Amino acid sequence: MIRDRVTPGRVIRTVLPAEVADAVALHARARATYYPSGLPQDGTDWTDAWRSALGRPDGRVLCVVEAGRMIGLASFRRAEDAPADTVKLFQFHVDPGHWRRGVGAALHAACVEEWRADGRREAVLDVHVDNLRAQGFYRRLGWAPEPAGPGDHHLRMRFALSGE
């Protein structure tokens, strides 16, 4: 497993439990960009959700740190109903102030490296149907969308992992 990954000017590493508040804040800033009416208040305790993700022995939470600040975040694990060789990317966020600077591409590359090291053959994710920016980002990286049904709020995308 990859513990730390250094790229020019940035470090990609595992999120520490003490950084849960930073993860929650970054998550909220990123999600706010695709909810024009404001973040939905669905009762989710995001501090507890991120703390849970960090504590899972079967998952990983990576972050991008630049100048001492968390600017990217990814959480993944095998979903309960998925084949053993499939990983699900549950959360992937880049601080909006750092879009189009290679942060997402570097974080995605680190995720792919982890997935290959873990013997995964496929990755899946669900992206909000209104988040066209994220859908375009994933498509450029090789993710393929599945057809969405009427009334679906999320689009399922798949990524084939080669044996490189």
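Predicted model: local features only at pLDDT ≥ 70, side-chain atom pairs only at ≥ 80, totals over all residues.

**Entry 1: the core**

I started with the largest nonpolar core, which has 28 residues; Leu89, Phe92, Trp115, Tyr138 and Trp143 touch the most other members. Next I looked up which elements supply at least two residues of this core, and found strand 3 (59-66), strand 4 (69-77), strand 5 (86-94), helix 3 (103-117), strand 6 (122-128), helix 4 (132-140) and strand 8 (154-160). Helix 3 has the largest share, with seven residues.

I remembered the general rule here: nonpolar side chains tend to be buried together in soluble globular proteins.

What does Trp143 contact, leaving aside its neighbours within four places in sequence? I listed Leu89, His108, Trp115, Ala123, Val124, Leu125, Tyr138, Met157, Arg158 and Phe159.

I then found a second, separate core of twelve residues, with Val20, Val24, Leu26 and Ala53 among them.

Now for the open space. The largest pocket holds about 970 Å³. I noted 42 residues in its lining, and Tyr34, Gln91, Phe92, His93 and Tyr138 lie nearest the centre. Two or more lining residues come from each of helix 1 (20-31), helix 2 (46-55), strand 4, strand 5, helix 3, strand 6 and helix 4.

Which element gives the most to this lining? I got strand 5, with seven residues. Sorting the lining by class, I wrote down 20 nonpolar, twelve polar and ten charged residues.

Terms used: Residues numbered from 1 in each chain as written. Heavy atoms only, no water. Core = buried A, V, L, I, M, F, W, Y, C linked by side-chain atoms within 4.5 Å. Buried < 20%, exposed > 50% of the residue type's maximum accessible area, 1.4 Å probe, protein only. Helix = DSSP H or I, 4+ residues; strand = E, 2+ residues; numbered from the N terminus. Contact = heavy atoms within 4.5 Å. 1 Å grid on protein atoms, 1.4 Å probe; cavity = no way out; pocket = protein on both sides within 12 Å on 5 of 7 lines; lining within 4 Å. Points joined across faces, edges and corners; volume = space filled by probe spheres on them. Nonpolar A, V, L, I, M, F, W, Y, C, P; charged D, E, K, R; others polar.
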